[in-house]
Amino acid sequence: MDVLYTAEALSTGQGRLGHVSAGDYLDLEVAPPKELGGSGQGTNPEQLFAAGYAACFHSALHSVARAQKVTIEDSSVGGRVQIGPNGQGGYQLAVLLEVVLPGIEHELAQQLADAAHQVCPYSNATRGNIDVTVTVSDD
């Protein structure tokens, strides 16, 4: 792979209960959510993954729309990352992405979302590893 960019992050403390930093802009206390026995008084890794995936997918969506000469405005991509037991003593993730493309016919919006799912680096990294559901919503 020809590397175009490398992101770096540092986790200190006790992993899910500690601190993460990356560059000059990300500097957060992390804590497990209440649902996983934590205090919920901090960002958790699943939230960071959801934010990163949503932003990356949204960028891919704009890229494929431009390539197809479709103008999209006021679009959004919501990301939800779920965590649960994998039945083998560990845990697994699932991702739900909700795409909203106001003013775009539902069928075209779905085609754009499907195309974005093929080029998004997060989608390519997770394909075959975790369940990812992409839904186009009209509101």
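A polar contact is a pair of N or O atoms within 3.5 Å; within protein, one must be able to donate a hydrogen and the other to accept it, and residues adjacent in sequence count only if both atoms are side-chain atoms. Between domain 1 and domain 2, 1 residue pair is in polar contact, with both residues at pLDDT 80 or more.

## About the model

You are looking at a predicted model, where local features need pLDDT of at least 70, side-chain atom pairs count only at pLDDT 80 or more, and totals for chains, interfaces and linings use all residues. Residues are numbered from 1 along each chain as its sequence is written, and side-chain values use heavy atoms, with hydrogens and water left out.

Domain 1 brings 6 residues to the contact and domain 2 brings 5 residues, where contact means heavy atoms within 4.5 Å.

How much area is buried between domain 1 and domain 2? The value is about 490 Å², and carbon and sulfur atoms give 70% of it. Buried area here is the accessible area (1.4 Å probe) that two parts lose on being put together, summed over both. On the domain 1 side, Arg 16, Leu 36 and Thr 43 supply 72% of the area buried against domain 2, more than any other three residues.

## A salt bridge between the domains

The count between domain 1 and domain 2 is 1 salt bridge, meaning a side-chain nitrogen of Lys or Arg within 4 Å of a carboxyl oxygen of Asp or Glu. Arg 16 and Glu 46 join their side chains in a salt bridge, at 2.9 Å from N to O.

## Ser 137 in strand β6

Ser 137 belongs to strand β6 (residues 131-137); strands are DSSP runs (E, at least two residues) and helices likewise (H or I, at least four), numbered from the N terminus. Is Ser 137 buried or exposed? Ser 137 counts as buried because its relative accessibility is 13%, given that buried means under 20% relative accessible area, exposed over 50%, and partly exposed in between (1.4 Å probe, protein chains only).

The side chain of Ser 137 makes a polar contact with that of Glu 98 (3.1 Å). Leaving aside residues up to four places away in sequence, Ser 137 touches Glu 98, Val 99, Val 100 and Leu 101.

## Positive phi in a loop

Lys 69 sits in the loop between α1 (45-67) and β4 (76-85), with a positive phi near 60° in a residue other than glycine. Asp 74 is found in the loop between α1 and β4, and has a positive phi of about 55° although it is not a glycine. Lys 69 is exposed, at 76% relative accessible area, and Asp 74 is exposed at 69%.
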